[in-house]
Amino acid sequence: MTFLIKSALTLSLPPAIAVLTGLGFTLLVAKRGRQMLSHWLTGIVLTVGYVIGHWVATGTLPLVPHSAEEWLPLLALLAAIFSALDNLPTSPSVARTVWRLLVSIGAVAALLFPSAFLTIVAKIVWTIGLGIALTVLWLAMDALAERQTGALLPFVWSTVAAASSVALFVAHTAAISQLAGVLAAVTGTAFLFGLWQRQWSWAKGAVGVVAMLLFSITVNGTFYAELPFASTIFLWLAAISGWASSVLNGQRLPAWGQVAMQLVITVVFAGIAVGITVHKLGLPTSGY
Amino acid sequence: MRRWFIGSVVASLVAAATVAAAETYEVDPVHSFVFFRCLNVAQAGAIFVYGRFTDIKGTIVVDKDPAKSSVAITINADSLDTGVPDRDKHLKGPDFLNTKQFPTITFKSRSVQAIDKNRYRVTGDLTLHGITRPITVTVTKVGEGKNFKGMQVIGFETTFVIRRSDFGMKGLMNVAANEVTLTVAIMGIKK
């Protein structure tokens with residue numbers, strides 16, 4: 001247990017400190033009236049936090065990725081940089097969808113083309129299919145972030161990232177599980193910041209980074225470890241639990257009821273994801 | 001004319017002798033072994049983990065002139081076996097060998113030098129986890145001759161240490177040590 005706690009603290013503290021410091025700086029920028037810049041900087045801050053955690057976890061940060069998981073910091077940076085387009089006042093919604101689709105397909109290609117077991121046709125089909133899936137997830141998370149400010153969304157993301165970490169550990173990959181843990185630490189710190197700044201918006205910056213990382217981490221686990229695809233889908237659904245709450249007519253409930261409903265749906269979906277993984281692979285026989 | 005004829009005969013004999021001197025052997029997977037040993041840091045460094053790869057292919061060219069000898073070996077990384085299925089899945093996964101992206105481990109010699117009658121210094125390229133690094137190992141010839149089926153066989157063995165971080169496996173140093181000892185014992189059957 002001491003080993004696990006020590007590992008968790010070693011991995012989570014450096015990115016948490018970086019994110020808290022960066023968000024403090026972003027708050028100063030926002031208070032000077034640069035709202036659009038602060039949106040974009042929020043994504044950059046989360047990226048920097050993740051990159052630091054990724055480096056601590058893997059001991060490497062190559063500029064030219066050698067394997068699929070080494071693409072994660074670059075993909076987060078890509079999502080953060082392109083999120084600047086959302087902050088352009090003249091950016092039409094079609095353009096926003098198109099650039100997300102292009103970035104998503106490129107990201108999935110980077111993750112799947114290193115595989116040695118997929119044929120070229122399978123790689124192309126999966127890349128297009130998953131590229132569309134990432135675009136939908138990204139748009140859905142973005143739309144939620146436009147409506148929900150403060151701590152709720154980062155809490156949901158952190159819960160999903162933590163559940164992903166558990167599922168990936170069961171799926172025989174401690175390394176990718178640690179990367180999901182880093183994402184949980186980054187979004188967990190954003191949650192603490194959101195508790196303090198309840199009107200803080202995560203749209204047009206942070207969402208792109210979180211969607212990209214959550215998606216890329218789970219795709220890595222599915223294709224290169226043993227994370228069941230069904231678990232991956234439930235983890236994605238858990239990240240957009242706010243929409244499930246809407247479908248179930250959560251708006252009729254008082255504000256606290258809507259929050260509770262969204263949290264319950266998040267936990268249920270994330271729990272199903274972990275449950276499917278444990279059901280398929282069994283509990284890890286730790287200590288080997 | 002006579003001088004030209006003698007020269008041609010000598011050249012032909014030398015060429016024939018050279019061809020005869022180089023013998024090609026196919027690696028026999030049944031009698032070839034690749035073992036590894038790595039300190040289990042997660043268990044307080046109290047024990048080594050031992051494992052082997054069971055799927056080995058390759059060719060050994062043995063020449064009387066060692067400089068003309070060569071060896072090329074291909075190991076199916078997915079054939080790793082430590083006797084514990086969960087551990088095998090972990091080692092074959094993205095944390096270490098990442099066999100779904102890097103399915104083979106290969107060694108191709110670039111030079112062979114004789115140290116003494118039965119020992120050779122072999123330098124070549126080891127490709128592991130998709131990264132190629134030059135290594136030099138001391139190889140001992142264990143024996144050669146006709147086996148009980150009458151086939152000409154030859155066997156070599158070497159033990160050497162690599163650092164997994166040199167091959168891009170830099171993570172989880174608090175679980176498995178950086179140094180990995182490899183023992184390669186291969187027997188070839190003459191083609």
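**View 1. Lys191(B) counts as exposed, at 65% relative accessibility.** The model shown here and in the views below is predicted. The side chain of Lys191(B) forms a salt bridge with that of Glu26(B), with an N to O distance of 3.5 Å. This pair links distant parts of the chain: Lys191(B) belongs to the segment after β11 (176-190) of chain B, Glu26(B) belongs to strand β1 (residues 23-27) of chain B, and 165 residues separate them. Glu26(B) has a relative accessible area of 36%, so this residue is classed as partly exposed. Lys191(B), in contrast, passes the exposed cut-off of over 50% with its 65%.

**View 2. Strand β1(B) pairs with β4(B) and with β11(B).** Four bridges connect β1(B) to strand β4 (residues 56-62) of chain B in the antiparallel sense. The strands β1(B) and β11(B) also run antiparallel, and three bridges join them. Glu26(B) has a partner in each of these strands: Thr59(B) is its bridge partner in β4(B), and Ile189(B) stands opposite Glu26(B) in β11(B). The side chain of Glu26(B) is also the one that meets Lys191(B) in a salt bridge. In a regular strand, side chains alternate between the two faces of the sheet.

**View 3. Asp78(B) and Lys92(B) form a salt bridge through their side chains.** The N to O distance is 3.9 Å, against a cut-off of 4 Å. Asp78(B) counts as partly exposed, at 42% relative accessibility.

**View 4. A salt bridge joins the side chains of Asp125(B) and Arg110(B).** The N to O distance for this pair is 3.3 Å. Asp125(B) is part of strand β8 (residues 119-128) of chain B and Arg110(B) is part of strand β7 (residues 104-114) of chain B, so the pair ties together parts 15 residues apart in sequence. Asp125(B) is partly exposed, with a relative accessible area of 25%, whereas Arg110(B) counts as exposed at 55%. Over all chains, the count of salt bridges comes to eight. Side chains of opposite charge can pair when their charged atoms come close.

**View 5. Chain B meets chain A through 23 residues of chain B and 27 residues of chain A.** The two chains bury about 2,100 Å² between them, and carbon and sulfur atoms account for 52% of that area. Pro94(B), Lys100(B) and Gln101(B) supply 32% of the area that chain B buries against chain A, more than any other three residues. Zero salt bridges are found across this interface, while eight residue pairs are in polar contact there. Helix α2(B) contributes four residues, the largest share of the side of chain B that touches chain A. By class, that side of chain B has seven nonpolar, 10 polar and six charged residues.

**View 6. Chain B as a whole has two helices and 11 strands.** Along the sequence the elements follow the pattern α-β-β-β-β-β-β-α-β-β-β-β-β. Of the 191 residues in chain B, 43% are buried. Among contacts in chain B between residues at least 6 apart in sequence, 52% join residues at least 24 apart.

Notes: Residues are numbered from 1 along each chain as its sequence is written. Chains are lettered from A and ligands numbered from 1 in the order in which they are written. This is a predicted model: local features need pLDDT of at least 70, side-chain atom pairs count only at pLDDT 80 or more; totals for chains, interfaces and linings use all residues. Side-chain values use heavy atoms; hydrogens and water are left out. Buried means under 20% relative accessible area, exposed over 50%, partly exposed in between (1.4 Å probe, protein chains only). Two strands pair if DSSP finds at least two bridges between them. Contact means heavy atoms within 4.5 Å. Buried area is the accessible area (1.4 Å probe) that two parts lose on being put together, summed over both. A polar contact is a pair of N or O atoms within 3.5 Å; within protein, one must be able to donate a hydrogen and the other to accept it, and residues adjacent in sequence count only if both atoms are side-chain atoms. Ala, Val, Leu, Ile, Met, Phe, Trp, Tyr, Cys and Pro count as nonpolar, Asp, Glu, Lys and Arg as charged, and the others, Gly among them, as polar.
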